[in-house]
Amino acid sequence: MIRRFIVLAALVMLPFVSNSQSLVQFDSELDRTRYYALIQELRCPKCQNQNLADSDSVIAEDLRNQVYVMIKDGRSDQEIVQFMVERYGEFVLYRPAFSLSNSVLWGAPAALILIVLFVAVSRRKAAPQAATAKVDDLQLQQRLDEIDSEKGAE
């Protein structure tokens with residue numbers, strides 16, 4: 001009975017203990033460092049905001065294996081990143097490069113702040129003029145009423 005419990009507990013804990021990242025073997029410490037730096041820097045295409053190192057998805061595991069194979073093949077970090085960007089788009093980068101295609105994303109917050117400030121300042125300037133216009137309209141209406149009453153009295 002105790003033996004079955006231990007086997008069952010081991011089977012339940014197996015997914016938490018197993019880690020495919022610990023199974024990779026490298027020829028040098030530099031390759032190991034590059035591998036871990038790349039999987040920390042590249043985002044999982046399936047997950048919302050997880051890098052390849054933190055994601056448990058199947059595609060993240062495949063991409064970790066792809067990075068491992070490319071490092072073993074002697075590819076540079078730039079070549080590996082370029083391969084991932086060509087295949088999955090700039091979404092896989094946590095810090096995409098500034099380009100014309102994504103300039104709207106970089107400039108939109110600043111433009112929105114400027115528009116809000118412009119509208120606020122113009123409304124503030126228009127508010128006293130509107131109050132003055134109402135006073136002027138009221139005085140004009142009173143004057144017209146006086147003229148009408150003078151004509152009616154004649």
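**Entry 1: valine 85**

I started at valine 85, which lies in helix α4 (residues 77–88). Helices here are DSSP runs of H or I with at least four residues, strands are E runs of at least two, and both are numbered from the N terminus. The model is predicted: local features need pLDDT of at least 70, side-chain atom pairs count only at pLDDT 80 or more, and totals for chains, interfaces and linings use all residues. Residues are numbered from 1 along each chain as its sequence is written, and side-chain values use heavy atoms, with hydrogens and water left out.

Is valine 85 buried or exposed? Valine 85 counts as buried because its relative accessibility is 19%. The cut-offs are under 20% relative accessible area for buried and over 50% for exposed, with partly exposed in between (1.4 Å probe, protein chains only). I then listed what valine 85 touches, not counting residues up to four places away in sequence: Glu90, Val92 and Leu93. Contact means heavy atoms within 4.5 Å. I also checked leucine 42 against valine 85: they are 43 residues apart in sequence and 9.6 Å apart in space, C-alpha to C-alpha.

**Entry 2: the whole chain**

I stepped back to the chain. Its secondary structure comes to five helices and zero strands. Along the sequence I read α-α-α-α-α. Buried residues make up 19% of the 154 residues. I looked at contacts between residues at least 6 apart in sequence, and 48% of them join residues at least 24 apart. The accessible surface is about 12100 Å², with 61% belonging to carbon and sulfur atoms. Accessible areas come from the Shrake-Rupley method with a 1.4 Å probe; for residues, only the protein chains shown count as cover.

**Entry 3: aromatic rings**

How many aromatic pairs does the structure hold? I found four. The rings of phenylalanine 26 and tyrosine 35 have centres 5.2 Å apart and planes at 45°, so I logged this pair as tilted. Rings of Phe, Tyr and Trp (its six-membered ring) pair if their centres lie within 6.5 Å; planes under 30 degrees apart count as stacked, over 60 as edge-to-face, and the rest as tilted. Both phenylalanine 26 and tyrosine 35 are buried.

Phenylalanine 26 also pairs with tyrosine 68, edge-to-face, at 5.2 Å centre to centre and 75° between the planes. This pair links distant parts of the chain, 42 residues apart. Phenylalanine 26 sits in the loop between α1 (2–17) and α2 (29–41), and tyrosine 68 in helix α3 (residues 58–72). Tyrosine 68 is buried, as is phenylalanine 26. I noted one aromatic cluster made of Phe26, Tyr35, Tyr36 and Tyr68.

**Entry 4: salt bridges**

I counted four salt bridges. The criterion is a side-chain nitrogen of Lys or Arg within 4 Å of a carboxyl oxygen of Asp or Glu. Aspartate 27 and lysine 72 meet at 3.3 Å, N to O. They link distant parts of the chain, 45 residues apart: aspartate 27 is in the loop between α1 and α2, lysine 72 in helix α3. Aspartate 27 counts as exposed because its relative accessibility is 68%. Lysine 72, at 37%, counts as partly exposed.

Next I took glutamate 29 and arginine 32, whose side chains form a salt bridge at 3.9 Å, N to O. They are three residues apart in helix α2, so about one helical turn separates them. Glutamate 29 is exposed at 54% relative accessibility, while arginine 32 is partly exposed at 26%.

Arginine 34 bridges to aspartate 31, with the closest N and O atoms 3.5 Å apart. Both lie in helix α2, three residues apart, about one turn of the helix. Salt bridges that share partners join Asp31, Arg34 and Asp77 into one network.

**Entry 5: serine 55**

Where does serine 55 lie? I placed serine 55 in the loop between α2 and α3. Its relative accessible area is 1%, so serine 55 is buried. Leaving aside neighbours within four places in sequence, serine 55 is in contact with Cys44, Cys47, Gln50, Ala60 and Arg64.

**Entry 6: a surface patch**

I ended at the surface. Phe98, Leu105 and Trp106 form a nonpolar patch there, with about 430 Å² of accessible area together. Patches are made of residues with over 30% relative accessible area and no salt bridge: like charges are joined within 9 Å, nonpolar side chains (Val, Leu, Ile, Met, Phe, Trp, Tyr) within 5 Å. Leucine 105 is found in helix α5 (residues 103–153). With a relative accessible area of 69%, leucine 105 is exposed.
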